[in-house]
Amino acid sequence: MDLGPNRDLVGELADAIRKKTPHIHFGLYHSMFEWFNPFYIADKANNYQTNDFVERKTFPELLDIVNTYKPDVIYSDGEWEAPDWYWNSTLFLAWLFNDSPVKDTIVVNDRWGADTRGKHGSYYTHDDKFNPGVVQDHKWEGGLTLDKYSWGYRRNAVFADFLTPHEVITRLVTVVSCGGNFLVNIGPTHDGMLPPLMEERLRQMGKWLALNGEAIYSSTPWTVQNDTLTPGVWFTNVGDTVYGMVLLWPESGSVTLASVESTADTVVTMLGDSTGQPLETQQGEKGLEVTFPSQAAVISQWVWVLKMTGVNPAQRRHLKTRIPY
């Protein structure tokens with residue numbers, strides 16, 4: 001509060017989120033290192049046999065943000081140049097999970113030292129833009145930037161540098177189908193404004209979720225993540241309902257799902273279809289064929305969701321993993 005706006009911006013944001021959107025969990029990003037901090041440069045030159053930077057800056061800062069803001073999530077980053085013992089990671093995490101004011105609610109990622117990614121953490125972030133295409137044996141997160149080339153704001157960015165709505169939603173679908181959290185990074189300007197194109201992408205994703213969110217929120221991975229015959233169909237399920245998210249509208253007007261078998265109780269509809277009518281289906285030799293409605297009757301854009309009840313996984317067909325991009 002001694003510099004800049006002379007306000008506790010993080011505290012104000014935390015208070016606003018907790019008061020206005022209490023269903024949203026408040027988390028904080030924290031970078032372990034600072035490229036040009038003289039204490040860090042000196043420790044690096046000493047091959048990390050000294051840790052003045054950690055003792056003077058990083059460790060007390062972590063303690064302060066936990067005690068002051070009581071976050072539900074700490075996203076640690078900037079750890080990769082030094083081992084965990086340099087960062088005092090085990091000491092901090094022991095305090096965090098045993099004695100801190102958030103010990104019963106906090107979750108952290110896996111970036112706590114050069115050798116900790118994919119090994120230690122409440123959930124794994126692995127490397128940037130990690131997207132495995134199959135279910136993992138530990139909770140994980142797939143992140144991406146709306147700007148393909150930067151995690152911050154670039155004045156010289158052009159339109160082609162940003163992901164399209166279809167690319168963003170495709171990544172959302174593939175990550176969630178495989179049981180991951182989906183992280184979207186935006187880069188505000190120096191004065192805190194959101195570039196219009198980034199705002200547009202967030203609103204477009206929100207518009208898609210408003211229609212198709214039941215296939216995403218509270219969903220779990222299905223027996224099969226993506227279809228074994230038709231590329232670009234990814235599955236989730238909620239209870240007994242299976243959702244097939246189709247990345248591209250089929251030119252033929254129908255898709256064949258080799259991973260799905262129908263029963264006498266099968267009903268398939270499309271989210272966002274204004275008619276609300278069950279779709280025509282037929283169980284063929286290659287799988288369940290679903291005839292799409294008229295595209296003019298469908299409100300949804302970019303990715304289309306089939307809602308299927310009374311279906312079973314086709315165990316005889318083998319999974320093939322296809323990453324869309």
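1. Ground rules. Since the model is predicted, local features need pLDDT of at least 70 and side-chain atom pairs count only at pLDDT 80 or more, while totals for chains, interfaces and linings use all residues. Residues are numbered from 1 along each chain as its sequence is written, and side-chain values use heavy atoms, with hydrogens and water left out.

2. Confidence. The average pLDDT (the predictor's confidence in each residue, from 0 to 100) is 94 for the protein, and 97% of the residues score at least 70. Please take care with residues 317–325, where pLDDT stays under 50. The model has 38 contacts beyond four places in sequence for this stretch, a contact being heavy atoms within 4.5 Å. Where pLDDT is low, the predicted coordinates should not be read in detail.

3. Largest pocket. A pocket here is an open set of points on a 1 Å grid over the protein atoms alone, with protein on both sides within 12 Å along at least five of seven lines; lining residues have an atom within 4 Å of a point. The largest one has a volume of about 1,800 Å³, volume being the space filled by probe spheres set on the points, which are joined across faces, edges and corners. Its lining counts 35 residues, with Leu-13, Gly-27, Leu-28, Tyr-29 and Val-184 nearest the centre.

4. What builds that lining. At least two residues each come from helix H1 (9–20), strand E1 (27–31), helix H3 (52–69), strand E2 (73–77) and strand E5 (180–185); helices (H or I, at least four residues) and strands (E, at least two) are DSSP runs numbered from the N terminus. E1 gives the largest share, five residues. The lining divides into 21 nonpolar, ten polar and four charged residues, where Ala, Val, Leu, Ile, Met, Phe, Trp, Tyr, Cys and Pro count as nonpolar, Asp, Glu, Lys and Arg as charged, and the others, Gly among them, as polar.

5. Second largest pocket. About 440 Å³ of space lies here. Leu-172, Asn-181, Phe-182, Ile-216 and Tyr-217 are the closest to the centre among its 13 lining residues. E5 turns up again, now with the largest share at five residues. By class, nine lining residues are nonpolar, three polar and one charged.

6. Cavity. Searching the whole structure gives one cavity (points where a 1.4 Å probe fits but cannot get out) of 30 Å³ or more. The largest cavity holds about 60 Å³. Its lining includes Tyr-75, Arg-111, Asp-127, Asp-128, Lys-129 and Glu-141, and has three nonpolar, three polar and five charged residues. Strand E4 (residues 140–145) gives the most, three residues.

7. Helix pair. Do look at helix H2 (residues 38–45) against H3: their axes come within 8 Å and cross at roughly 145 degrees. Axes are lines fitted to C-alpha atoms, for helices over the stretch in contact, and angles run from 0 to 180 degrees between N-to-C directions. Phe-39, Tyr-40 and Asp-43 of H2 meet Asp-52, Phe-53, Val-54 and Arg-56 of H3.
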